[in-house]
Amino acid sequence: MSASSASAKLLSSSQLISQGSLTADGAPVLFKYRFKKQYRHATLDGTLTKARVAGEVRALLKCLRSGVNVPGVRMVDATEGLLGIEWIEGQSVKRLIPSGAQDDDDDDEEVDADESSLDAFQITIDALMRLIGIEIAKMHLADIIHGDLTTSNMMLRHPASFHSTKPDIKTELVLIDFGLSYHSSLVEDKAVDLYVLERAFASTHPDSEPMFASVLSAYATQLGKEWPALRRRLDDVRLRGRKRSMVG
């Protein structure tokens with residue numbers, strides 16, 4: 001059986017859960033499928049699709065090798081635009097932080113209120129912010145830029161589906177959706193990554209300044225000696241962002 005026919009069979013036996021993502025019957029695997037763009041030339045579309053899937057896989061594998069909590073890679077068919085990754089049994093951080101679940105147009109499914117609270121994951125908001133800062137720092141130390149850091153692209157594993165080795169933490173933070181990620185050692189790119197997350201906090205979670213401050217504190221501790229230079233660059237990025245907002 002060819003790779004393309006095998007991928008087609010997987011797609012036909014999967015259930016669509018959101019645009020671009022499917023789940024398969026049997027083993028808990030999430031399939032991310034890049035649909036063919038009819039408005040693009042077929043050759044160009046195939047080349048871009050293959051490159052983007054391959055790039056996402058490279059980022060995930062480097063993160064995994066560097067100890068960053070990301071979904072495991074289960075299968076890849078870059079030519080067909082199909083990526084199979086580990087299914088994370090849990091909830092997005094966006095739904096767990098106060099006000100984060102309001103007006104969420106990306107997910108029409110109803111969520112059990114008991115499963116969308118931090119109590120269900122046996123973690124405090126301060127501990128969650130520390131986990132976020134630590135994982136992003138680990139990712140940046142591996143020179144991976146996420147490209148779309150938001151609380152929607154972070155998940156907490158449910159304690160019932162995860163055995164923690166830390167007695168005080170019953171869950172695990174997982175960074176997801178590396179479709180816009182790339183490799184870079186530049187301080188500028190890492191600062192912009194943090195700024196994108198800061199703006200996401202501000203727009204999605206009201207009065208989130210103390211929360212993001214906790215994220216940065218944990219990030220700085222994990223990053224170590226590289227933090228002073230990155231902090232200065234982050235301040236520069238913030239200043240440029242404010243100037244753009246004033247100009248419109």
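Which residues in helix 4 meet which residues in helix 5? The structure is a predicted model, in which local features need pLDDT of at least 70, side-chain atom pairs count only at pLDDT 80 or more, and totals for chains, interfaces and linings use all residues. Residues are numbered from 1 along each chain as its sequence is written, and side-chain values use heavy atoms, leaving out hydrogens and water.

On the helix 4 side, M129, I132, I136, M139 and H140 make the contact (heavy atoms within 4.5 Å), and their partners in helix 5 are K190, D193, L194, L197 and F201. By class, this contact comprises seven nonpolar, one polar and two charged residues. Helices here are DSSP runs (H or I, at least four residues), numbered from the N terminus. Helix 4 spans residues 125-141 and packs against helix 5 at an angle of about 155 degrees, with the axes 11 Å apart; axes are lines fitted to C-alpha atoms over the stretch in contact, and angles run from 0 to 180 degrees between N-to-C directions. The two helices are therefore roughly antiparallel (angles over 145 degrees).

Helix 5 also takes part in the second largest pocket, giving five residues, the largest share of its lining. Helix 5 (187-204), helix 6 (209-223) and helix 7 (227-247) each supply at least two lining residues. A pocket is an open set of points on a 1 Å grid where a 1.4 Å probe fits, with protein on both sides within 12 Å along at least five of seven lines; lining residues have an atom within 4 Å of a point. This pocket holds about 230 Å³ of space. Of its 13 lining residues, E198, R199, A202, E209 and R238 are the closest to the centre.

Key
Grid points are joined across faces, edges and corners, and a volume is the space filled by probe spheres set on the points. Angles under 35 degrees count as roughly parallel, over 145 as roughly antiparallel, 65 to 115 as roughly perpendicular and the rest as oblique. Ala, Val, Leu, Ile, Met, Phe, Trp, Tyr, Cys and Pro count as nonpolar, Asp, Glu, Lys and Arg as charged, and the others, Gly among them, as polar.
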